Amino acid sequence: MYRPLYLIDASLYIFRAWFAVPEAVRDDSGACANAVHGFGSFLCDLIEYEGPSHVVCAFDESLTTSFRNELYPDYKANRPPPPPELERQFGVCRELAEALGVATLASPRYEADDLVGSAARHWREAGYHMVFVTADKDYAQLLEPGDWWWDAARDRWLDPAGVEETLGVPPGRVADLLALAGDAVDNIPGVPGIGTKTAAALLARAGSLDDLYADLDQVAESGVRGARRVRGLLETHREQAFLSRRLTRIRCDLPIAHAHEQAGWSGADPSALDAMALPVQLRNRTRRLPVADAMVAP
């Protein structure tokens, strides 16, 4: 039986809402609530139209305190901190997800993708397949047969074969690909001068980053343009390449406290929702959702 668990990269959709929804949207108290409105509407849409039996939201709380910052202080150094008004709404969005009956994960040391990767490993053992709800290509490394990567805003779905067709490598080699090509979004250096196409061609020949560096002479046989120059770049930046892989590889070994039953969605908590200051239109959306049995008065 196919049992999907929806694992949502919540922070990505909160950021998108912050930029997409006008700042004029306010909650009951008059505070700016554009990110809350956009994220809440997205979450209501997912629950209403996908009807998930199991769903989890993972939140980023480690912009400057992740273990990756200890490995590489410049990790994500190109990102300015969120403005106070958005930071406040992050907390409200997590509270909203829980009031909607959605389990949440967050950590000051590990990022949302590490929490998602570890949750996926945990729940696979219970027989679930994963739907990674995100637009971040890093999550593609987590896919196994039966899983999907889903950019909900664009309704774009990729299975493991689709990842390989799109990125040029299978899911298990995505971290190696990013280790070579780098990731400007997260300020991961990679090997300067090597892009994703060249990295994919090198990995197609070698198989993995470890196998590539075990025999750099194979670069000449890989068919990449400027093979001699590429070999020199790889040799010069060997340590940087392996550091970059430590930064790009998603952790999947964190202890996840939730049992798989706790990820089950059984309905919203109307009393918790009523206690929140929400935009009127969003409040009306939440009232259309089913109510958890435990919240129904006898």
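This is a predicted model: local features need pLDDT of at least 70, side-chain atom pairs count only at pLDDT 80 or more; totals for chains, interfaces and linings use all residues.
Q: How do strand 1 and strand 2 pair, and over how many bridges?
A: Strand 1, residues 4–9, pairs with strand 2 in the parallel sense, and four bridges are involved.

Q: Where do the side chains of strand 1 point?
A: Pro4, Tyr6 and Ile8 point one way, while Leu5, Leu7 and Asp9 point the other way. In a regular strand, side chains alternate between the two faces of the sheet.

Q: Are those residues buried or exposed?
A: Buried, on both sides of strand 1. Six of the six residues of strand 1 are buried, so the strand is largely enclosed by the rest of the structure.

Q: What about strand 2, how many of its residues are buried?
A: Five of the six, counting residues 55–60. Strand 2 is therefore also described as largely enclosed by the rest of the structure.

Q: What does strand 1 do with strand 4?
A: Strand 1 and strand 4, residues 129–133, pair in the parallel sense over five bridges. Within that pairing, Leu5 stands opposite Met130 in strand 4.

Q: Back to strand 2. How does it run relative to strand 3?
A: Strand 2 and strand 3 run parallel, joined by five bridges, with strand 3 covering residues 103–107. Phe59 of that pairing stands opposite Ala106 in strand 3.

Q: What is the order of strands in the whole sheet?
A: The order is 3-2-1-4-5-6. It is an open sheet of six strands with mixed pairing.

Q: Which strands sit at the edges?
A: Strand 3 and strand 6 (156–158) are the edge strands, each pairing on one side only.

Q: How much are neighbouring strands turned against each other?
A: By 20° on average, with direction ignored.

Q: Changing topic to helices. How is a packed pair described?
A: By the angle between the two axes and the distance between them.

Q: OK, at what angle do helix 2 and helix 4 cross?
A: Roughly 30°, and their axes come within 9 Å. Helix 2 is therefore roughly parallel to helix 4. Helix 2 covers residues 34–50 and helix 4 covers residues 84–99.

Q: Which residues make that contact?
A: On helix 2 they are Asn34, Ala35, Val36, Phe39, Gly40 and Leu43. Helix 4 contributes Leu86, Gln89, Val92, Cys93, Leu96 and Ala97.

Q: How many of them are nonpolar, polar or charged?
A: The contact of helix 2 with helix 4 has nine nonpolar residues, three polar and no charged.

Q: And helix 7 with helix 8, at what angle do they cross?
A: Roughly 130°, with the axes of helix 7 (residues 174–181) and helix 8 (residues 196–206) coming within 9 Å. That angle makes helix 7 oblique to helix 8.

Q: Which residues make the contact there?
A: Asp176, Leu177, Leu180 and Ala181 come from helix 7, and Thr196, Ala199, Ala200 and Leu203 from helix 8.

Q: How do these divide into nonpolar, polar and charged?
A: Six are nonpolar, one is polar and one is charged.

Q: Is the crossing of helix 7 and helix 8 left-handed or right-handed?
A: Helix 7 passes helix 8 in a right-handed crossing.

Note on methods:
Residues are numbered from 1 along each chain as its sequence is written. Side-chain values use heavy atoms; hydrogens and water are left out. Buried means under 20% relative accessible area, exposed over 50%, partly exposed in between (1.4 Å probe, protein chains only). Helices (H or I, at least four residues) and strands (E, at least two) are DSSP runs, numbered from the N terminus. Two strands pair if DSSP finds at least two bridges between them. Axes are lines fitted to C-alpha atoms, for helices over the stretch in contact, and angles run from 0 to 180 degrees between N-to-C directions. Angles under 35 degrees count as roughly parallel, over 145 as roughly antiparallel, 65 to 115 as roughly perpendicular and the rest as oblique. A crossing is left-handed if the near helix is turned anticlockwise from the far one by less than a right angle, and right-handed if clockwise. Contact means heavy atoms within 4.5 Å. Ala, Val, Leu, Ile, Met, Phe, Trp, Tyr, Cys and Pro count as nonpolar, Asp, Glu, Lys and Arg as charged, and the others, Gly among them, as polar.
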